[in-house]
Amino acid sequence: MQAHTIKQEALDAIQQLPDDASTEQIMYRLYVLENIRRGQQDAAKGDSQAAEELLKDIQTW
């Protein structure tokens, strides 16, 4: 299986939208895709926070 490039992932995400998708919907889909990619990279590098720690932080807000 060949690794997908960022461009190919973006194209795949856009193709999954309905034909009448608005520019805003396309931009939002790409925004979400980018944030998922960044989160995966952070997790792979160990730059993430455990869910328990995050919940504790949220409770202090």
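Reader: How are helix 1 and helix 2 oriented to each other?

Author: In general, two packed helices are described by the angle between their axes and the distance between the axes. Here the axes of helix 1 (residues 6–15) and helix 2 come within 10 Å and cross at roughly 135°, with axes being lines fitted to C-alpha atoms over the stretch in contact and angles running from 0 to 180 degrees between N-to-C directions. Helix 1 and helix 2 are therefore oblique to each other (under 35 degrees is roughly parallel, over 145 roughly antiparallel, 65 to 115 roughly perpendicular, the rest oblique).

Reader: Which residues make the contact?

Author: Helix 1 brings Ile6, Glu9, Ala10, Ala13 and Ile14, and helix 2 brings Ile26, Arg29, Leu30, Leu33 and Arg37; contact means heavy atoms within 4.5 Å. An α-helix has 3.6 residues a turn, so residues three or four places apart point the same way.

Reader: What about the model itself?

Author: This is a predicted model: local features need pLDDT of at least 70, side-chain atom pairs count only at pLDDT 80 or more, and totals for chains, interfaces and linings use all residues. Residues are numbered from 1 along each chain as its sequence is written, and side-chain values use heavy atoms, leaving out hydrogens and water.

Reader: What does helix 2 span, end to end?

Author: Its 23 residues (23–45) should span 33 Å at 1.5 Å a residue, and the end C-alpha atoms are 33 Å apart, which agrees; the expected span is 1.5 Å times one less than the number of residues. Glycine 46 follows helix 2, with a positive phi near 80°.

Reader: How many helices and strands does the chain have?

Author: Three helices and zero strands, where helices (H or I, at least four residues) and strands (E, at least two) are DSSP runs numbered from the N terminus.
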